[in-house]
Each structure stands twice: as structure tokens, then as C-alpha cells.
Protein chains: 2
Amino acid sequence: MSIDYKRELESASKSMILIHDPNVLIEMIVRMIVQKVKVYHAAILLYDKDKKSYILTVSRGETGIKVPAGYACMDSDNPLIEFFHQRKDKEIFNYGVVLYEEAKKLLRKNIGRESKQLLKGVLYQMEIFDSVICIPSYFHDALLGILLLGKKKSGRDFGADEIDFFVALASDVAMAIRNAQLFIELREELDKKHRLFIHTTVALAAAIDAKDHYTHGHTARVTTLSLEIAEKIMQKNKKKFDNKFLENLHIAGLLHDIGKIGVPEAILNKQGPLTPEERKKIEEHPLLGVTILQPIRQLEESIAGVKYHHEKFDGSGYPEGLKGNKIPLIAAIIAGADIYDAMITDRPYRKRLTKETAIKEIMRVSGTQLAPQIAKSLAELYEEGKLQENILCPINE
Amino acid sequence: MSIDYKRELESASKSMILIHDPNVLIEMIVRMIVQKVKVYHAAILLYDKDKKSYILTVSRGETGIKVPAGYACMDSDNPLIEFFHQRKDKEIFNYGVVLYEEAKKLLRKNIGRESKQLLKGVLYQMEIFDSVICIPSYFHDALLGILLLGKKKSGRDFGADEIDFFVALASDVAMAIRNAQLFIELREELDKKHRLFIHTTVALAAAIDAKDHYTHGHTARVTTLSLEIAEKIMQKNKKKFDNKFLENLHIAGLLHDIGKIGVPEAILNKQGPLTPEERKKIEEHPLLGVTILQPIRQLEESIAGVKYHHEKFDGSGYPEGLKGNKIPLIAAIIAGADIYDAMITDRPYRKRLTKETAIKEIMRVSGTQLAPQIAKSLAELYEEGKLQENILCPINE
């Protein structure tokens, strides 16, 4: 007996390895079975670790015939699950699968009372799903799921050859699911580590921030606003910065004033005007920041943001007096957020400005202090009502 | 024609998905082929991304017969590689594989000059490897590698059925290798992120450290010594802390004095004795550290190290006056490293002690200030010559 669909399904089941989303993977395999094997419907009961139950995850077939997904949720004491869990009942365990017709015949034979009881339960479950064959899928002896097939459209029975094939297929699927789960776990670990990195940086940066009495919450606000400016630039230019750029900007925002840790508290918190020496000391903070972060090679791009966030568009800034587009974009963005935040914050020598006045001031220094595209982005964010007053705004992760 | 080994190799190739080290995977498949197919030897030429060449990665078979691994390194202009790269020469491209005997027959036939030239080169390469059949392995049209088989021990030729099977197997292997590579990439990314996290924490902690003029390099030394004490405890008790504990200890070491950022510089750097109020201010630093790190849920265990690193074994420490084994081990370890490092460092009110005197002092306070097992660990590290004087010792990552 030849099975035409065998090769196609086999090669599909192989390419499954590279699908690292278990749901997509199962969806695909069930859809293919319905199409190629030409059954009325097919579904998979899949073990859910969190719910500790078997859930009808995917269900494919003609409307009205297929069992709706999510319809069933089975504990381990459900006869179908119990049956495949045990696997010990050799009398009724054929090929490792259950065929409805065969099982029905068995019921009339002289089998043990308990076996009969369990088998009746299994048959009842199969009737609910209108399923003629159930194929279990194991991984290292744990029951991962059960494939449930409806009748063939041709009206014919499943042959021994086909059943063998489904058993092999089920084991492939189990392997692919396990592989996908391992991928997901690794990705989650990566996510977790990223959050740990960002949150620790946020906490330490905020602690350093707190040393400077006049800039409470400054770091968090500048970081948020920098990311909003980047968003606005993307929207205006219809281009997309890559994730790496946005991540570097995020980190640079958090660390831009890190060098202030090297400036004496007496100068940072001084009431009244600074002497030229004191001003010089404060203006060292971008390069002090660079010194602190220099050893971290992965931060190279972010460090450019720290180093140049006090450069001005007309070249009158520090530490290097860079001009125009010689200033790295990452630094120009932070500069915009930094200047705006300074304007809306009380300082020892002046009260804070309102948002309206601040934006007017921003537009006035466009092309001198600030790059025009950054000034414009700030103005547009203001018009859209997206700019904060001086209130604490936590960073969204 | 039946192939007995088919089922075994098939199921092996399936379980390969879960082997996420490409070298182990290939080693395994080549060994199995030699055993099951009963050939004299088998080898795989595998593409090396860095070297941009195909390398003879594994070679199995009887000594004296097998080609040594690493022996061959082929560029894309090698005829064997060129042949499978092109795949366009339909005249000589059979089944997608090259059989030595068939290819030799072809040479005598009326095929194009260029084809003949290429084929001669291919045959020459096969002779070097003493190979009778070459099976290429592709992933998305890119030539990933070539499986080279020697003669069968039975002296028989390979049948069409077997060749078909090898082609399918080669595609399985390609898929498994690709899957393994994706895993490795993800793991490397995770490693990179971990290093970024640790290095940034080191840099920021060192910057905060630098505020306290008397404790230059203190954080780095305490972290290193804490990890050495943990190592010593494991060795003494013949038990292994899990990686999570060691990672938490590493982070807690780096962050143990983070709360000092909240203590005024004037107090931290004061020459001469502190007033009770000033002392109280300094003793707030463990709880200030907790306040800074509290929002980071992943740091829960490390925070215990930060919070309790000034507790003493007899209950006379701060902030809570915990006693004996009520003090978390992570904090007791840092306390030991912290006290030792303070002893070997100059302070405004005393010169530093020598290592010898410091260890005598450590043993004197064992059971009062310090947990006996920590004091003993320090003494043993000293006896083994593993304790540093007050010199900067960078943290090994």
C-alpha cells in the first residue's frame, strides 16, 4: 500500500525544526494533515505546563464539523489522558494508538473489568470529538499531546502503513515542540537579562542623579524624551532606526550625566553663581562619563551620546566644539531632551519655564544651540500634547 | 531492496534536533554511519563561516584508512566544492550525488569539455579521500557540507534506495546543524548581555567607590575575595553552590557599598574621628543600598547581601542586629571579605595591617564579629598564599 502524502508530510515535519514557535508549528502540521490526508477534521490536545491540563490547541476542518479550539481542557484523570499516560493495558493498546472501530470490537471481547471501564471512557471521549483515530505523542516518556483525526473523506479506513506513519510523525512533532520550547526558554532568559541590565542601570543612574539636588528625576525624563524624539524623527523621515540604535540611545540617556559623580557635591549643589573654575569642573562631566564607561566595549555607540551631549549645533559647545552634523545623532537627540528638561526645571538662579515658553525658546536656539530637526521634533511633540511638564515620568520598559 | 539500518539512522537523525552543539551532532552522525552502513570510513566536509572554506571536520573509520580530520581545507574553487555549488551540470549530476564508478564511466562518454574537466577534478578529490560516494547537504540552496563515504566492507555497491536515503539524511543533518547554530547564536547573545550587565555594574560601582577616598579599589577587591571565600567553602564542605548563588554573590559584592552614594562626601572623607551623628549617617548605607536596588526584583538575593553585610556573628552589627546563621550566607561572606579588606587598607586613624597581622585579627574576632567558617576560610586562603595585599586586583570575568 502506498501513501502519496507521506513524503510531503515527512519533509514538512523536518522543516518544522526551524519553526521556533510551538503554536505556529502545531497549526501548520494540523492544517497539512487535513489537506494531505484528506480527513474531515483534525485537532491536537496539547499539554499546558501552567494549567497542568491538556488543551485542545488547534482544530482544523470544515466549519460545523471541526471541534472548536479551546473547547476542551482535560485533567490527567480524563479517560483519554489516563489511557495514554498508563500505556500499560497491553490488551487494548494497539500500535500505540486507538482506532475507534477496533476499540469497539474489543469491548465485546473478554477483557478485564477495569480495562473495559477505561476503554468505554476513551470511546466516549472520541465520540465527543467525532474522532476515529487517536495518536499520542511522547517526549522522554511524558505524554506531550494527542492527535485526533476525523474520518477520511474517501470513506476508507486507515491502513497499518498509515498508522505507522502517524506514530513516527507524532514523535517528530514532539521533538520539534521540545526544541521550540527550549528556544523560547533561552529567549526569555535573554529578555530577563536585558531587563536586569536596564533596571540596574536605571537604579544606579537615578542614585547618582539624586546627588544633584536640582535635577531630581532628570535622567529618567531625558531618557524618555530622547526616545520620543527618535520616534518623531522616524515618523517625519519615514525611516526606521534599527533596534540597536534605539537601545544605544536608551542606555546613553540613562548614563549621559554619569560623570557628575566625579564633580564635588559642593559645586553641584552650590546656591548662587559659579566661579569660572567651578564651571570648568562641571564641564568636565561628559569626559568623566567617558572615562567611567570606556572599558565597556559594547557601549561604544552609547558613549558617543555621553561624550557629546553638551556640543552645540554652531560649534560653541564642549568638550570638542563639534559643529552641525559632525555631532553624532545620538548626542544631538540627548542634547535636545537635556536642554528642554533644564528649561522646565527650577534652578538656583531662575524659576522654571512653562512648556509654551520653553518651546518658544527651543525654536529660538534652533540652528545655534540645537540641530533644527531636533528643535522641530520637540515643537511637534509639544503640538501633539506629548511633552511632559516637570513631573516624574517613569521609564517604560 | 531493504535497508536494515534505515530506521535506526532515521530515528537518530530525528533526535539530533535536540543536540545543540553542531560538532557533537556531526561526530555522532558520522560514527553511526560507519557502524550501521558498515563502510570502511566516513567523513564530513563542513563549511566554516570564519575561514570561508570547507573543512574536513570529522573523520571516522579504521586507523590507517580514515583521512585525518583537519587534513583538508577547501576553497570554493576546489572542483568538488565548485561542482556541488553549481549543480547546473545536469549531464553529470546524478541523484544530486556523485558515485565514483558512475562518474568514471561518464568520462568516457561524449560530454562537454568543461564538464569533463570539472569531473576529472572531482574524481581526483575523491581518490584523495578514498571515497566512493559524495552526498552534498544544502540549506536554503547554500552548500553546507559534503558527506564522503568509503567502500562498504561487504564489497557491494550502494543501491538507488540507499542513495535516496542518504540524500534525505543529509538534508536532516543540514537542518539540525542550522538549528544548532541558531541556538549557539542565541546563547552567545545571552553571554554578551550578561557581560554588558556585569561590566556596567562594575564601572558604575567603581565610580561610586571612587567618591570614598579611603577605599580606592575596595569594591573590586571585596568582590574577588568574596568569590574566593565561596570557592573555599565549597571545597571544605565538598558541596557545590549553584551558579545562581555565585552570580548573586558576584553582583552583591559589586553593589554592597552602593548606598554610600547617599552619604555626604564631607562625612565619607572626613579626616579625624566621626561624631555619633556622622557615624549614624554612615551606618545608613546598607539600607540606602536596599532602597536603590529594591525595585529590581531579579536582585532579591543579592540585595540580602547588600542589606546585611555589616551584621556581626554575635548580633552586635547593623542594621538589624541579626545573629549567627540568621545572617544570610551571602552577607556573611561579603562581611568577611569587607572586614579583611578594611584591615589591609590605610585609614585616616591608623596605618594598614600586614596580611599576617590581619589574619591573626580575623581569627581573634571569629565567633564574635565573624562566622567561624568564614574566618577559617580566610585563614586557609592565607595559608595557601591566595590572599592579596592591598593592591588593585581586577575582577576576572
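Predicted model: local features only at pLDDT ≥ 70, side-chain atom pairs only at ≥ 80, totals over all residues.
Figure 1. Two packed helices are described by the angle between their axes and the distance between the axes. Helix α6 of chain A covers residues 160–209, and helix α7 of chain A covers residues 218–237. Their axes come within 8 Å and cross at roughly 125°. That angle makes α6(A) oblique to α7(A). On the α6(A) side, the contact is made by A:Ala205, A:Ala206 and A:Asp209. On the α7(A) side, A:His218, A:Thr219 and A:Ala220 take part. Sorted by class, this contact has 3 nonpolar, 2 polar and 1 charged residues.

**Figure 2. Helices α6 and α7 of chain B.** In chain B, α6(B) packs with helix α7, residues 218–237, at an angle of about 125°. The axes of α6(B) and α7(B) are 8 Å apart. The contact of α6(B) with α7(B) is made up of 3 nonpolar, 2 polar and 1 charged residues.

**Figure 3. The contact between chain A and chain B.** Chain B puts 36 residues into the contact, and chain A puts in 36 residues. Which elements of chain B give two or more residues to the side that touches chain A? They are α1 (5–15), α6 (160–209) and α11 (285–293) of chain B. The most comes from α6(B), with 22 residues. By class, the side of chain B that touches chain A holds 19 nonpolar, 8 polar and 9 charged residues.

**Figure 4. B:Leu186 at the contact with chain A.** B:Leu186 is part of helix α6 of chain B. Leaving aside residues up to four places away in sequence, B:Leu186 touches A:Leu186, A:Arg187 and A:Leu190. B:Lys151 is 35 residues from B:Leu186 along the chain, and the C-alpha atoms of B:Leu186 and B:Lys151 are separated by 40 Å.

Figure 5. In chain A, the peptide bond from A:Tyr318 to A:Pro319 is cis, with omega near 5°. A:Pro319 sits in the loop between α12 (300–307) and α13 (329–343) of chain A. In chain B, the bond from B:Tyr318 to B:Pro319 is cis, with omega near 5°. The loop between α12 (300–307) and α13 of chain B holds B:Pro319.

**Figure 6. Two residues with positive phi.** A:Lys52 is not a glycine, although its phi is positive, at about 50°. This residue is found in the loop between β1 (41–48) and β2 (53–61) of chain A. A:Lys52 counts as exposed because it has 9 C-beta neighbours inside 10 Å, and 12 or fewer is the cut-off for exposed. B:Asp130 has a positive phi of about 50° and is not a glycine. Its place is in the loop between α5 (113–128) and β5 (133–139) of chain B. With 18 other C-beta atoms within 10 Å, B:Asp130 is partly exposed.

**Figure 7. The domains of chain A.** Chain A is divided into domain 1 (6–184) and domain 2 (210–383). The C-alpha centres of domain 1 and domain 2 of chain A lie 60 Å apart. The secondary structure of chain A comes to 15 helices and 6 strands. Of the 397 residues in chain A, 37% are buried. Among contacts in chain A with a separation of 6 or more, 61% are between residues 24 or more positions apart.

Conventions: Residues numbered from 1 in each chain as written. Chains lettered and ligands numbered in written order. Contact = placed C-beta atoms within 7 Å. Helix = DSSP H or I, 4+ residues; strand = E, 2+ residues; numbered from the N terminus. Nonpolar A, V, L, I, M, F, W, Y, C, P; charged D, E, K, R; others polar. Axes fitted to C-alpha atoms, helices over the stretch in contact; angles between N-to-C directions. Domains from an automatic or database assignment. Buried ≥ 20, exposed ≤ 12 C-beta atoms within 10 Å, placed from the backbone. Parallel < 35°, antiparallel > 145°, perpendicular 65-115°, else oblique.
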